[in-house]
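Keep the model open while you read.

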Amino acid sequence: MNKVNPAILVFFVVVAMFVFFLLAKPAMNDDGFYYEGFAEGLAKGKLDFKSFYGFQGLSFFAVPLFWLTGSHNSIIIASIIFSLLSIPLAYLVGRDYYQNKRAGLYFLALFLLTPYPYVTMMRGFQEAALLFFILLIIYGSLNKKLWTPVAWAVGGIVKPFALVLFPLFAKNFLTSDVRKLSWVFGALLIGALYLGASYYQTGH
């Protein structure tokens with residue numbers, strides 16, 4: 001395994017998964033209709049939390065895809081993109097956490113063996129995007145990236161379960177660095193705007 005170039009291997013895994021997703025047959029179900037409905041309404045200029053309750057973070061990413069394709073599966077397409085982006089990210093998380101390229105490949109293998117995101121993704125759910133942002137949060141926290149708070153904020157509005165990682169990396173927010181604090185304030189602003197708009201329209 002040491003002779004394998006990780007970048008080439010990850011590239012071919014992404015291509016293989018892309019083909020796999022192309023062959024799949026999406027079937028929108030349950031909450032997927034709400035996520036798609038919110039995205040299509042937003043694409044037409046209507047922010048409608050009252051009709052489509054819940055956390056709609058993924059729907060914001062689906063809007064440009066709906067503009068480009070006109071597909072009523074734009075929320076699923078967005079999830080597919082996030083799932084593909086999660087593949088190199090999973091490798092990087094494993095590599096950086098264990099400081100070992102082989103560990104990165106093992107972690108990538110574990111990621112590929114979790115069917116739940118794929119199954120729910122094809123129903124229009126947000127778990128694939130949630131997993132992407134969890135991996136992004138971990139990667140950013142491990143490498144002390146300035147933008148990590150924004151990943152927290154966006155992941156939180158996709159699904160607030162992303163915030164369960166906060167106790168593990170809370171110390172990263174204890175800083176007097178103005179640059180870091182500006183990213184933290186930006187993240188808080190994203191959350192406040194989202195929750196404020198939702199509360200204004202729904203009252204809860």
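At 10% relative accessibility, Leu105 counts as buried. The model is a predicted one, so keep that in mind as we go. Leu105 sits in helix 5, and its C-alpha lies 20 Å from that of Ala128, a residue 23 places away in sequence.

Two packed helices are described by the angle between their axes and the distance between the axes.

| Helix pair | Angle between axes | Axis distance |
|---|---|---|
| Helix 1 and helix 5 | roughly 10° | within 11 Å |
| Helix 2 and helix 3 | about 60° | 8 Å |

Helix 1 passes helix 4 in a right-handed crossing. From helix 1, the residues involved are Pro6, Val10, Val13, Val14, Met17, Phe18 and Phe21, and they meet Ile80, Ser83, Leu84, Ile87, Pro88 and Tyr91 of helix 4. By class, this contact holds twelve nonpolar residues, one polar and no charged.

Back to the other partner of helix 1: the axes of helix 1 and helix 5 cross at roughly 10°. An angle under 35 degrees counts as roughly parallel, so helix 1 is roughly parallel to helix 5.

Now for helix 2 (residues 31-43) and helix 3 (residues 57-69), whose axes make an angle of about 60°. That makes helix 2 oblique to helix 3. The crossing of helix 2 over helix 3 is right-handed. Which residues meet there? Helix 2 brings Tyr35, Glu36, Phe38, Ala39, Glu40, Leu42 and Ala43, while helix 3 brings Ser59, Phe60, Ala62, Val63, Phe66 and Trp67. The tally for this contact is ten nonpolar, one polar and two charged residues.

Helix 2 itself is 13 residues long and reaches 18 Å from its first C-alpha to its last, close to the 18 Å expected at 1.5 Å a residue. Its buried residues are Gly32, Tyr35, Glu36, Gly37, Phe38, Ala39, Glu40, Gly41 and Ala43.

Leu42 is another residue of helix 2. Leaving out residues up to four places away in sequence, Leu42 touches Leu47, Phe60 and Val63. Leu42 and Leu189, by contrast, are 147 residues apart in sequence and 20 Å apart in space, C-alpha to C-alpha.

A few backbone details are worth a look too. Most residues other than glycine have a negative phi, and most peptide bonds are trans. Asp30 isn't a glycine, yet its phi is positive, near 50°. Asp30 lies in the loop between helix 1 and helix 2. With a relative accessible area of 45%, Asp30 is partly exposed.

Gln99 is also a non-glycine with a positive phi, of about 55°. You'll find Gln99 in the loop between helix 4 and helix 5 (101-112). Is Gln99 buried or exposed? The cut-off for exposed is over 50%, and at 66% relative accessibility Gln99 counts as exposed.

Conventions
Residues are numbered from 1 along each chain as its sequence is written. This is a predicted model: local features need pLDDT of at least 70, side-chain atom pairs count only at pLDDT 80 or more; totals for chains, interfaces and linings use all residues. Side-chain values use heavy atoms; hydrogens and water are left out. Axes are lines fitted to C-alpha atoms, for helices over the stretch in contact, and angles run from 0 to 180 degrees between N-to-C directions. Helices (H or I, at least four residues) and strands (E, at least two) are DSSP runs, numbered from the N terminus. Angles under 35 degrees count as roughly parallel, over 145 as roughly antiparallel, 65 to 115 as roughly perpendicular and the rest as oblique. A crossing is left-handed if the near helix is turned anticlockwise from the far one by less than a right angle, and right-handed if clockwise. Contact means heavy atoms within 4.5 Å. Ala, Val, Leu, Ile, Met, Phe, Trp, Tyr, Cys and Pro count as nonpolar, Asp, Glu, Lys and Arg as charged, and the others, Gly among them, as polar. The expected span of a helix is 1.5 Å times one less than its number of residues. Buried means under 20% relative accessible area, exposed over 50%, partly exposed in between (1.4 Å probe, protein chains only).
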